[in-house]
Structures are given as structure tokens and as C-alpha cells.
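Hi,

Here is the structure I promised to send over.

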Amino acid sequence: MKNVVFALLAPLALTSIAHADESKGIDTTKKATLSAGLFYGMPQGDFKKTAGTDLVGSSPGFVLSGGYEVIPHLSIMGMLHYYAVSSEVDGVDQSMWDIGAGARYAYPVTPVVRVFGEAYLQRASYTAKAGGASMDSSGIGGSLGGGVLYGVKPNIDIGASLSYSTASLKPDQGDSQSAGWLGLTAFAAYHL
């Protein structure tokens, strides 16, 4: 008799559990997203060395982004990074920012977890100041990345990602250089 009762109630219990998990899932009626986060970037390529000397060190920063889902799972995105560039040389102050537009594809793995890939076209600007002199560089580049999103509430996600970005920066004087970053990001997103 116990086996019969269990066999009859088990599907009902599993359905209730599945429904409870879905109720905590992401609200798919919300199409717009705003997010903010912190990242840690490790310099790559020519950008790391100037005249054979390590100039740029691993650097923290923040990122702001927004997006709009145009079809299920695919959003057009805009973002802004600001790097508080760490200098490996005393007396040199550096900063960098980039602004980009691109797309993100977020695939649902469970009702509350999604994995995503994204790509951006970016405009980057870099400034180095030393001894009263300043050098500015800017250029166009791109970024590829991927990560995971976890829905803590129907309209709030937390996420983490790994990305690689590169840009060809042309200074006011001198040759162009490659500015690359390997970045780790942690962020929170709000669905509107």
C-alpha cells in the first residue's frame, strides 16, 4: 500500500518542485537590462611594454552595460569600461576607457542559470601622464567573452565572465600599439 501511495504522490511532488523552481526563474517578459560590475584586467600584447619596459600592470576597474532582447536569448548590448590602470613605473599615472556596442546570446541551462557568449566593437582611449607631460592614444578594437548568469530574483541576476579585448591605439605622436586585456568581471543585472 505504501508503494502505491508513493507512486501516486511522487509525480505530484516532482511537479510541485519543478513549478517552484520555475517560479524563481528569470522573468522573460522583461526585455531591457541594466548592469554594473567590477573587473580585474591583465594587460596583453604591445600595451604591456613600452620601449622594452613593463609599463602597465594588472588593473582594476568598473563596467556599466545595458541591453535589449531582440529575439529569445539574443540581446543587443552597449557597455562602458573604465580602467584604473596600474603603473609599473613610479611617477606615471595612467587611465583607459572604452565604449562598445555588440550582442550577447544567453542560453538557459536551468530556470535560474544561463550561460552566455558576447562580442563587442569598441572605441578605446588611453592616457599616460608623467612629469607634467601627457600622451593620449585612441583607436578601434573588439572584445569577445563568455560567462554565467544566476537569477537571484525574477528581475535580478548576478554574473561572472571572462573576456579578451584588443584595440589598435594610435598616439598623438609615434607608432600605433596593440592594447589588449584579459579580464575577469563580476556584475549584477536588473531587468526592466
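Below is what came out of the cavity search.

Keep in mind that this is a predicted model, where local features need pLDDT of at least 70, side-chain atom pairs count only at pLDDT 80 or more, and totals for chains, interfaces and linings use all residues. Numbering starts from 1 along each chain as its sequence is written, and side-chain values use heavy atoms, with hydrogens and water left out.

The search ran on a 1 Å grid over the protein atoms alone, and a cavity is a set of points where a 1.4 Å probe fits but cannot get out. Points are joined across faces, edges and corners, and a volume is the space filled by probe spheres set on them. That gives three cavities of 30 Å³ or more.

The largest cavity holds about 180 Å³. It is lined by 13 residues (lining means an atom within 4 Å of a point), and Val63, His81, Glu118, Tyr120 and Ser161 are the closest to its centre. Strands S5 (59-71), S6 (74-83), S9 (113-130), S11 (156-171) and S12 (177-191) each bring at least two lining residues; strands are DSSP runs (E, at least two residues), numbered from the N terminus.

The second largest cavity comes to about 70 Å³. Its lining includes Phe39, Gly41, His81 and Trp181. S1 (32-44), S6, S11 and S12 each supply at least two of the lining residues, with S12 giving the largest share, three.

Cheers

Conventions: On a 1 Å grid over the protein atoms alone, a cavity is a set of points where a 1.4 Å probe fits but cannot get out, and a pocket is an open set with protein on both sides within 12 Å along at least five of seven lines; lining residues have an atom within 4 Å of a point. Helices (H or I, at least four residues) and strands (E, at least two) are DSSP runs, numbered from the N terminus.
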